[in-house]
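Work through the exercises below with the structure open beside you, and try each task before you read its solution.

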Amino acid sequence: MILLLFFILSFLFCGLILLFRNKAVTRILVISYAFIHVALTIYGYININKTELAYFTFTSTGVLLLAVLSVLVIPVIYHGFIYASRDEIKRYNIYHAALVALITFMSGAYLANGMTVLWIFVEATTLAVAALIYHDRTDTALEATWKYVFICSVGISLAYLGILFLGFIYGRGDAASLSFSSLENILKEANPMYLKIAFVFVVIGFSTKMGLFPMHTVTIDAHSVAPPPISALISTTLMNVGFLAIFRVYTLFSSSSIFSFMNSVLILSGVLSLLMAAGYMLKAKHLKRMLAYSSLENMGLVAIALGVGGDGWYAAFFLIVLHSFAKSSLFFQMGQLSRVLHTFRLDETGRYMQLYPAGAMVLLTGMVCVLAIPPSGLFISEVMIFKGMVMNDQWLVLVIAVILLCFVVYAMSTRVMHIIFSEPRNNPVQSSQESVRSIETLSQFLLLGTVIILCFYQPHFLTDLINQSISVLLK
Amino acid sequence: MIPYLIVLFAITLVYFASAERLIIYIRLIGLQGLLLCGIALFELREINTANLIFIVAETLLFKTILIPYLLKWIVSRSGVTKVHRQAMPGFYLLIFSIASLLVSVILSNSLVNQFVNTIFMSIALFTLFTGLLLIVTHRLIISHLIGFLIIENAVFLFSLAVGNSMPMLINIGILLDIFVGVLVLGFFGLRLRPHTNELTRLKD
């Protein structure tokens with residue numbers, strides 16, 4: 001019943017935010033919502049594997065990703081308050097109502113215990129994100145929103161076809177609405193061809209959300225115009241929704257005869273994602289697009305890790321968690337950078353250390369963390385992925401991945417160093433430091449600090465949740 | 001009766017490839033909605049009243065009336081009557097369309113399953129390929145929208161291909177998809193000047 005209460009309160013808060021034309025009321029409601037979300041995560045952790053409302057279960061995977069979302073909700077709301085502070089009340093309220101709706105839909109997707117419910121929540125996130133991407137009401141925002149909604153809708157329709165293929169295996173129309181546990185029993189005797197088609201449809205469809213090749217372009221365009229706190233969500237927790245959907249089907253089919261086929265598809269998709277990311281990062285001229293390509297690179301690594309297996313499975317989850325913290329802090333920083341430098345264009349940026357030292361330190365630390373340079377926790381996950389490749393004799397994948405990662409490191413580090421230390425190549429930057437306080441970087445340092453601490457110490461609850469999530473695969 | 005309706009549905013898909021005017025596209029989308037309603041009513045024998053109302057609303061109200069009306073409104077506002085193709089004459093599109101029909105038939109016959117109606121599967125696959133073909137080969141935003149709506153019809157046909165019942169949950173899923181389609185059509189589509197192909201501001 002707690003989950004029902006959460007959904008009711010979420011939609012009630014959305015309604016109230018739209019109803020009351022008062023920024024103070026909106027702030028109180030949104031902050032209250034953040035605490036409710038944290039409470040739901042704690043409740044989920046205490047009640048692991050409990051099913052509520054028939055269609056939702058607090059699985060380890062769901063609770064882990066829900067916890068990541070809870071950690072990010074507070075900074076997202078804080079930076080959202082700053083970003084939208086100058087907006088007129090109507091736009092301010094639409095932003096916050098859509099934000100609450102998006103967080104609720106993502107939470108629903110994490111906890112869904114059947115493919116159709118999961119799919120419905122994933123589809124619903126598209127609507128909420130569309131309202132948020134279109135927040136600035138510019139021509140580019142309109143184009144990005146259009147592309148996002150259109151490509152996501154086509155992709156998610158394809159994913160739904162994959163889910164319906166499960167019905168063909170079972171011979172009943174309601175197979176797509178059965179829970180994951182009920183489906184496990186019927187898959188062992190299924191025609192492998194159906195499973196392969198279903199898996200390919202699901203990977204292509206949900207890659208719109210995970211930001212993985214071949215549907216990666218949709219999130220890249222969305223990033224360049226979305227408000228920075230929303231980019232932080234799209235690039236982390238929303239990608240985690242896509243990852244979860246693919247992971248659910250992957251674990252579901254893991255006991256079938258197409259296991260090696262799925263691994264090959266994931267490795268291929270991951271390597272192509274890395275290739276795209278490396279290529280486009282080398283020519284990136286827009287900072288947020290560069291960060292979006294960095295997310296593509298990380299999701300590519302996650303897909304490879306899943307496909308490689310062994311230590312890779314643990315590494316995939318660890319990478320997902322750490323990437324969420326590191327990348328979101330960089331996107332939060334983009335909001336401050338645009339207020340200091342008034343641009344996201346690389347050629348027009350420079351001298352950031354001089355203009356806003358706290359922000360420059362966030363960029364520097366964030367770059368170290370995202371590029372998996374020690375002491376970043378991502379270093380541990382990448383080492384585990386490489387170890388998995390070696391253990392499974394994936395030497396070719398290892399060589400290709402290492403070469404492509406070198407390009408990514410070069411592209412990102414040279415660009416970040418340029419922003420921090422160099423003179424701008426084009427128009428001189430306009431300083432407006434008075435509006436950006438150093439204290440605004442606190443949440444970013446906390447998140448990056450967590451990424452660094454997790455390199456040396458991984459708490460039991462985290463390792464337990466990850467181990468429970470991958471336990472199905474280890475059987 | 002169902003085979004006749006299915007064949008008629010397939011003919012509408014081939015017609016999409018050869019049509020040149022947007023108004024034809026809109027009429028075909030409306031006709032497909034009507035055919036889907038007929039197919040669903042004949043196919044779904046074990047269905048309760050709530051589900052029946054849901055399906056009739058979905059096919060007749062949304063697919064046959066509301067969406068074609070919205071499309072017509074967009075076309076009349078934009079003043080564009082002809083489909084603009086991306087360097088692909090209608091003849092070649094027709095060839096591709098027939099080829100995709102063949103591929104669909106071969107694929108669905110290779111996936112023979114005691115639970116699945118092969119004709120449904122063939123036409124559902126053909127519908128999916130036609131929708132994707134329209135999106136890839138056309139430049140106008142409105143053509144992309146029509147491609148998306150055809151894919152939605154493919155999803156509906158796929159859900160009918162298995163068994164003779166259709167659970168509420170799948171209905172909700174399909175309706176949500178249509179809702180997104182209508183939102184895309186009504187809001188963003190109109191603001192983007194759907195008769196243009198100016199979607200090139202965002203690039204590296």
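**Exercise 1: A residue and its core**

Leaving aside residues up to four places away in sequence, A:Ile133 touches A:Ala141, A:Ala144, A:Thr145, A:Tyr148, A:Ala222, A:Val225, A:Ala226 and A:Ile230, where two residues are in contact if their C-beta atoms, placed from the backbone, lie within 7 Å. Before going on, note that this is a predicted model, in which local features need pLDDT of at least 70 and side-chain atom pairs count only at pLDDT 80 or more, while totals for chains, interfaces and linings use all residues. Residues are numbered from 1 along each chain as its sequence is written, and chains are lettered from A and ligands numbered from 1 in the order in which they are written.

Task: Find which residues have the most contacts inside the largest nonpolar core.

Solution: Begin with the term itself: a nonpolar core is a set of buried Ala, Val, Leu, Ile, Met, Phe, Trp, Tyr and Cys residues joined through C-beta atoms within 7 Å. A residue is buried if 20 or more other C-beta atoms lie within 10 Å of its own, exposed if 12 or fewer, and partly exposed in between. The largest such core has 245 residues, and A:Leu102 and A:Ile133 have the most contacts inside it. Its largest share, 19 residues, comes from H14(A), helices being DSSP runs (H or I, at least four residues) and strands likewise (E, at least two), numbered from the N terminus.

**Exercise 2: Two packed helices**

Task: Decide how helices H13 and H14 of chain A are oriented to each other.

Solution: Two packed helices are described by the angle between their axes and the distance between the axes. Axes are lines fitted to C-alpha atoms, for helices over the stretch in contact, and angles run from 0 to 180 degrees between N-to-C directions. For H13 (residues 287-308) and H14 (residues 311-341) of chain A, the angle is about 170° and the axes are 8 Å apart. H13(A) and H14(A) are therefore roughly antiparallel, a label for angles over 145 degrees, whereas those under 35 are roughly parallel, 65 to 115 roughly perpendicular and the rest oblique.

**Exercise 3: A residue in a loop**

Task: Is A:Arg437 buried, exposed or partly exposed?

Solution: First locate A:Arg437, which is found in the loop between helix H18 (395-421) and helix H19 (442-456) of chain A. Next, because 13 other C-beta atoms lie within 10 Å, A:Arg437 is partly exposed. Finally, A:Arg437 and A:Gln336 are 101 residues apart in sequence and 9.1 Å apart in space, C-alpha to C-alpha.
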